[in-house]
Amino acid sequence: MVIVNSFAEYQAYEGKEIGNSEWHKIDQEQINRFADATLDHQWIHCDEEKAKNEGPFKATIAHGYLTLSLIPYLWKQIADIRNVKMEINYGIESFKFGQAVLVNDEVQLNAKLKSIVDLRGVTKVVITATLNIKDKKKPAYVGDVVFLYHF
């Protein structure tokens with residue numbers, strides 16, 4: 001866990017890897033809850049029998065947006081940004097999905113600080129996020145997430 005207390009401390013990581021989250025298992029219950037929340041009940045995610053018998057992966061898969069939605073949770077395992085009045089999820093850029101996350105796969109977020117800039121008191125941070133899948137060579141995705149911090 002990296003602890004950051006100020007803009008200057010954060011800036012020291014620019015261009016460097018910040019770290020990795022713990023592994024997180026995505027089970028069918030989480031996939032079903034996400035489907036309920038987003039109203040996306042496509043069979044490849046929710047129909048275990050059909051996915052097993054007719055699907056290209058022979059199992060259900062996590063929604064791509066479910067895996068993206070894990071970024072804040074997994075990021076908090078990597079870095080503790082302190083002394084902030086407010087943190088805002090500002091954007092996502094250039095994301096590419098490389099491989100499906102199958103039910104019961106374990107995923108881990110790797111974070112690198114791509115850039116940091118002080119915008120007159122607001123810190124804009126771009127983190128390159130890579131979601132690795134345990135025991136697989138290709139990541140689920142790679143892309144940049146943008147956070148705004150008010151120190």
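**Close-up views of a predicted model**

Asp144 is buried, with a relative accessible area of 7%, where buried means under 20% relative accessible area, exposed over 50% and partly exposed in between (1.4 Å probe, protein chains only). This is a predicted model, in which local features need pLDDT of at least 70 and side-chain atom pairs count only at pLDDT 80 or more, while totals for chains, interfaces and linings use all residues. Residues are numbered from 1 along each chain as its sequence is written, and side-chain values use heavy atoms, with hydrogens and water left out.

**View 1. Lys114 and Asp144 meet in a salt bridge.** The N to O distance is 2.6 Å, a salt bridge being a side-chain nitrogen of Lys or Arg within 4 Å of a carboxyl oxygen of Asp or Glu. The pair links distant parts of the chain, with Lys114 in strand E6 and Asp144 in strand E8, 30 residues apart; helices (H or I, at least four residues) and strands (E, at least two) are DSSP runs, numbered from the N terminus.

**View 2. Glu29 and Arg33 form a salt bridge.** Their closest N and O atoms are 3.1 Å apart, and the two residues, four apart in helix H2 (residues 28-38), are separated by about one helical turn. Glu29 counts as exposed at 52% relative accessibility, whereas Arg33, at 47%, counts as partly exposed.

**View 3. Val84 lies in the loop between strand E4 (79-81) and strand E5 (86-97).** Leaving aside neighbours within four places in sequence, Val84 is in contact with Tyr149, His150 and Phe151, contact meaning heavy atoms within 4.5 Å. The C-alpha atoms of Val84 and Phe151 are separated by 4.2 Å, although these residues are 67 apart along the chain.
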